[in-house]
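Please look over the model shown here.

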Amino acid sequence: MSLSLVIGNKNYSSWSLRPWLFLKYHDIDFAEIRIPLYREDSKDKLLQYSPTGKVPVLLDGELKVWDSLAILEYLAERFPQTQGWPDDFAERAIARSLAAEMHSGFTALRTYCGMNCKRTPTAKPLPEAVHPDIERIGEIWQHYRQLHHQDGPWLFGRFTMLDAVFAPVALRFHSYQLETNKEAQAYVDTVLACPAVNAWMDAGKLESEVITAFE
């Protein structure tokens, strides 16, 4: 069966980046179906692939898998060589908890620091509500990099699904020059140095669409 991934604008769609990055990092072949968001016909086009009318959606033959976290879980099972979660039972539980926390939380950061690959990295005034999100994320990155620094540069040493989940957040930290601790900044630098992340960002910068809500 052949894989296709339906994504939105690379410049803006952080949810699309997550499974795309996992596929690219592991050199898994797939076709890319890009549907620009926030246009009059966006919803109708997306409904051809997604029951929710949202991105991303993974197409594996006749099978449709939607929601970025569900897609990542599916890919980890479909391609066990990716070792999507940490090997240790307890660490897998923790990594899943952290992924779920990211998936459902940090609303203030999402609202005021939208992903924008074209943005010149610079700080901007942020409401007080964003600072607890920044602090919590920085603590997560610091703690797990301190625990696993000898095993590699990612949160649990080697690249896992959790890094795919947090990669767009690291891009936000870079784009808005959010201040954090040295371990967290080193993690941001690891994400920025990833060839697959750079390929996504380069493509996003070439896009012509402008979504004012994310500018």
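Predicted model: local features only at pLDDT ≥ 70, side-chain atom pairs only at ≥ 80, totals over all residues.

Residues are numbered from 1 along each chain as its sequence is written, and side-chain values use heavy atoms, with hydrogens and water left out. Helices (H or I, at least four residues) and strands (E, at least two) are DSSP runs numbered from the N terminus.

Helix 1 covers residues 14–25. From first to last C-alpha its 12 residues reach 16 Å, close to the 16 Å expected at 1.5 Å a residue; the expected span is 1.5 Å times one less than the number of residues. Nine of the 12 residues are buried, so helix 1 is largely enclosed by the rest of the structure. Buried here means under 20% relative accessible area, with exposed over 50% and partly exposed in between (1.4 Å probe, protein chains only). The buried residues of helix 1 are S14, S16, L17, R18, P19, W20, L21, F22 and L23. They pack against strand 1 (3–7), strand 2 (31–34), helix 3 (68–78), helix 4 (89–104), helix 7 and helix 9. Just after helix 1, D27 takes a positive phi of about 55°.

Two packed helices are described by the angle between their axes and the distance between the axes. Axes are lines fitted to C-alpha atoms, for helices over the stretch in contact, and angles run from 0 to 180 degrees between N-to-C directions. Contact means heavy atoms within 4.5 Å.

| Helix pair | Angle | Axis distance |
|---|---|---|
| Helix 8 (residues 182–193) and helix 9 (residues 195–206) | about 70° | 5 Å |
| Helix 6 (residues 130–148) and helix 8 | roughly 85° | within 7 Å |

Helix 8 is roughly perpendicular to helix 9, a term for angles of 65 to 115 degrees. Their contact is made by V191, L192 and A193 of helix 8 and P195, V197, N198 and M201 of helix 9.

Helix 6 and helix 8 are likewise roughly perpendicular to each other. Here G138, W141, Q142, R145 and Q146 of helix 6 meet E183, A184, Y187 and V188 of helix 8.

S175 lies in helix 7 (residues 161–175). S175 is buried, with a relative accessible area of 7%. Leaving aside residues up to four places away in sequence, S175 touches N116, R119, T120, P121 and T122.

Notes. Parallel < 35°, antiparallel > 145°, perpendicular 65-115°, else oblique.
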